Amino acid sequence: MVPLEAVQELRARQTASLDHLPVSELAVLRVDVARPVQEPDRLWIGFAASLPPADLLRALRGWWRCDAASVAAAGVLPVTLSGYVVAVLTGLQEWERNDQGRYAFPRARLTGYVTDLVTPPHAGDGRE
């Protein structure tokens, strides 16, 4: 669930331009709503605005079928739920490949998610 005020605030904003990105194509990570899992490194998989940032990052990490170099080239990876961007990952410069030909980005960082777009948690403190 996303607070109604956040949705209304975002609806009123102009569309962000992607012209400043150094690529002509941008990968997008499509996820489902968060559901509990029993895995050694995470308790959830998917997106929920109610998850604390550390849990959300673990819930969004995974082994993906992708062209890792293309994902990394953009520098950002938008995360979508039902076609809407709900989070953004960065820190994609390094990747690993598993035996099934899937890739993981072990240094990925959660740059922000939907409620941060309304009220950035680090606004004015100089951190990105």
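The side chain of R42 reaches the backbone oxygen of A59 at 3.5 Å. A polar atom of the R42 side chain also lies 2.5 Å from the backbone oxygen of R61. A polar contact here is a pair of N or O atoms within 3.5 Å; within protein, one atom must be able to donate a hydrogen and the other to accept it, and residues adjacent in sequence count only if both atoms are side-chain atoms.

The model is predicted: local features need pLDDT of at least 70, side-chain atom pairs count only at pLDDT 80 or more, and totals for chains, interfaces and linings use all residues. Residues are numbered from 1 along each chain as its sequence is written, and side-chain values use heavy atoms, with hydrogens and water left out.

R42 belongs to strand β3, residues 42-45. Helices (H or I, at least four residues) and strands (E, at least two) are DSSP runs, numbered from the N terminus. R42 counts as buried because its relative accessibility is 11%; buried means under 20% relative accessible area, exposed over 50%, and partly exposed in between (1.4 Å probe, protein chains only). Apart from neighbours within four places in sequence, R42 is in contact with V37, R58, A59 and R61, where contact means heavy atoms within 4.5 Å.

**Overall organisation**

The protein chain contains 4 helices and 8 strands. From the N terminus on, these elements follow the order α-β-β-β-α-α-β-β-β-β-β-α. Of the 128 residues in the protein chain, 34% are buried. Among contacts between residues at least 6 apart in sequence, 49% join residues at least 24 apart. The protein chain has an accessible surface of about 8,900 Å², and 52% of this area belongs to carbon and sulfur atoms. Accessible areas come from the Shrake-Rupley method with a 1.4 Å probe; for residues, only the protein chains shown count as cover.

In soluble globular proteins, nonpolar side chains tend to be buried together. A nonpolar core is defined as a set of buried Ala, Val, Leu, Ile, Met, Phe, Trp, Tyr and Cys residues joined through side-chain atoms within 4.5 Å. The largest such core has 27 residues, of which F47, L60, V79, L89 and L110 touch the most other members. At least two residues of this core come from each of β1 (29-31), α2 (53-60), α3 (68-74), β4 (77-81), β5 (84-90) and β8 (109-113). The greatest contribution is that of α2, with 4 residues.

Within α2, the residues L56, L57, A59 and L60 are buried. They lie on the same side of α2, because they cover an arc of only 160° around the axis; the arc is that of the directions from the helix axis to the C-beta atoms. The buried residues of α2 pack against β1, β3, β4, β5 and β8.

P53 is also part of helix α2, but P53 is partly exposed, at a relative accessible area of 48%. Not counting residues up to four places away in sequence, P53 touches L110 and Y113. The C-alpha atoms of P53 and L110 are 7.3 Å apart, although 57 residues separate the two in sequence. With neighbours within four places again left aside, L110 is in contact with P53, L56, L57, L60, A87, V88 and L89.

**Aromatic pairs**

Rings of Phe, Tyr and Trp (its six-membered ring) pair if their centres lie within 6.5 Å; planes under 30 degrees apart count as stacked, over 60 as edge-to-face and the rest as tilted.

| Pair | Centre distance | Plane angle | Class |
|---|---|---|---|
| F47 and Y113 | 6.4 Å | 70° | edge-to-face |
| W64 and F105 | 5.7 Å | 35° | tilted |

F47 lies in the loop between β3 and α2 and Y113 in strand β8, so their pair ties together parts that are 66 residues apart in sequence. Both F47 and Y113 are buried.

W64 and F105 are buried. Together with W95, these two residues form one aromatic cluster.

**Surroundings of T80**

T80 is located in strand β4 and is buried, with a relative accessible area of 9%. Not counting residues up to four places away in sequence, T80 touches V28, L29, R30, V31, V85 and V86.
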